[in-house]
Amino acid sequence: MADADAGTEVNQPARKKRTYTRKAATNDLKLDPTARADTKRFVPQAQDQSMFDKAREAINPEDTVTVAEKTTTAATAEGRKGEKQDTSTPSTPSGLAVGVGYQVKKIRLGSYVIDSWYISPYPDEYSRHPLLYICEFCLKYMKSEYTYQRHCMKCQLRHPPGDEIYRDGGISVFEVDGRKNKIYCQNLCLIGKMFLDTKTLYYDVEPFLFYILCEYDAGTGYHFAGYYSKEKRSAQGYNLSCIMILPSRQREGYGKLLIEFSYLLSKKEGVAGSPEKPLSDFGLLSYLSYWRRAIYEVLVDGRRWVSVEEISAETGLTVDDVVSTLQTDGMLQRVHGGSGYRVVVDGEKVDEYLRRARVKNPKRVDPKKLMWAPYLTTNTRMGLKTGLKTGLKAVAGGEVSEAAAELNEEPEIESAGEISV
């Protein structure tokens with residue numbers, strides 16, 4: 001073997017003889033096999049822990065635990081070792097308890113930062129952040145602004161993952177199937193729960209259809225404004241299960257627009273629809289306002305005789321909803337000496353109400369711009385329609401149900417000037 005400084009000659013068993021040369025190192029590194037690497041620098045020291053606490057306090061001042069508090073907690077736990085521990089199951093999950101594990105107070109959706117109203121069951125790792133970032137197109141939620149900005153650069157979705165069934169100017173409505181787009185609809189329900197106290201559906205979205213209201217922008221896409229959902233097959237004939245408009249889009253008439261849109265689909269299906277009961281306080285006010293406007297528009301067309309069933313057919317409302325609205329407005333009176341009812345219309349009052357309603361809510365649905373076919377088959381819908389009529393006549397108890405059953409005899413519509421009080 002040759003000297004190491006001159007090179008090393010290696011004999012290979014291969015056919016060709018190869019020679020490898022290595023330059024001598026100027027500073028040879030001598031390793032001690034018994035020595036161990038110094039790992040003390042990888043253990044967090046008191047200074048590192050203090051810096052970490054300061055950084056966490058800057059992000060969330062309400063959820064700060066210092067080194068001193070940890071020491072006190074550990075000492076307290078050490079002193080209570082002999083005490084009996086409480087092993088009972090808490091009544092509220094830790095991720096949903098107010099002020100314990102849930103910290104989400106705001107969401108950023110598009111260009112808006114919106115305060116949350118109620119607790120939404122986001123996963124624990126997300127619910128502990130005071131601000132969630134949500135993509136307004138795919139509705140994916142994120143914990144940090146950096147992740148959100150990166151997602152916006154890569155997200156290719158510019159509209160809800162469904163069929164656009166209606167467009168009127170800058171307003172569009174998409175139909176999304178909960179079975180085909182499960183993740184999107186679950187994220188949608190989580191957003192809805194932040195602004196609806198009575199909402200209980202979060203993850204079981206497959207039996208529902210979701211109708212997404214968007215504002216169209218040619219440059220950026222379809223911006224989410226609100227939605228409503230309904231069951232694909234509702235035995236009670238409900239045409240709406242849940243409705244939500246973002247707080248940043250409220251006071252613009254979108255709620256009444258979606259309610260009117262739900263009844264347009266019911267009329268397209270050839271059945272009378274009604275929202276899922278019971279209604280919340282705000283929901284009842286919104287629906288009474290829409291029902292009143294829809295019924296008044298039928299009553300002012302100049303006809304002297306009209307039946308409640310004809311009003312139901314033209315508006316898409318159920319007979320029960322028509323009768324309850326008329327009774328609320330004091331327009332339904334029992335005929336003296338008879339068993340029937342008649343509707344009393346004050347023409348001036350109705351005209352004034354419709355005038356104010358057109359000024360307050362100018363947004364209306366144009367039936368000619370709807371491109372949609374019913375989800376259910378015709379035979380199923382005909383059976384549902386027959387069942388609804390039979391069920392309405394069989395309802396017992398209450399003046400509204402009694403009046404709805406007796407009003408099949410085409411009540412007379414008169415003006416207030418012709419009624420003797």
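Modeller: The protein chain has 12 helices and 14 strands.

Colleague: What makes a stretch of the protein chain a helix or a strand?

Modeller: Both are DSSP runs, numbered from the N terminus: a helix is H or I over at least four residues, a strand is E over at least two. This is a predicted model in which local features need pLDDT of at least 70 and side-chain atom pairs count only at pLDDT 80 or more, while totals for chains, interfaces and linings use all residues. Residues are numbered from 1 along each chain as its sequence is written, and side-chain values use heavy atoms, leaving out hydrogens and water.

Colleague: Why is threonine 325 called buried?

Modeller: Buried means under 20% relative accessible area (1.4 Å probe, protein chains only). Threonine 325 has 1%, so the residue counts as buried. Threonine 325 lies in helix H9, residues 319-328. In the protein chain, 38% of the 421 residues are buried.

Colleague: How do you know which residues threonine 325 touches?

Modeller: A contact means heavy atoms within 4.5 Å. Leaving aside residues up to four places away in sequence, threonine 325 touches Leu288, Trp291, Arg292 and Ile295.

Colleague: What makes one space a pocket and another a cavity?

Modeller: On a 1 Å grid over the protein atoms alone, a cavity is a set of points where a 1.4 Å probe fits but cannot get out. A pocket is an open set with protein on both sides within 12 Å along at least five of seven lines. Lining residues have an atom within 4 Å of a point. The largest pocket has 49 of them, and Ile243, Ser280, Phe282, Gly283 and Ser286 lie nearest its centre. H7 gives the most to this lining, eight residues.

Colleague: How do you know how much space lies in the largest pocket?

Modeller: A volume is the space filled by probe spheres set on the grid points, which are joined across faces, edges and corners. For the largest pocket this comes to about 1,800 Å³, and for the second largest cavity to about 40 Å³.

Colleague: Which classes are found in the lining of the second largest cavity?

Modeller: Ala, Val, Leu, Ile, Met, Phe, Trp, Tyr, Cys and Pro count as nonpolar, Asp, Glu, Lys and Arg as charged, and the others, Gly among them, as polar. Tyr166, Ile171, Val173, Leu213, Leu257, Leu258, Phe261 and Val365 line this cavity. By class that is eight nonpolar, no polar and no charged residues. The largest pocket has 23 nonpolar, 12 polar and 14 charged lining residues.

How values were computed
Buried means under 20% relative accessible area, exposed over 50%, partly exposed in between (1.4 Å probe, protein chains only).
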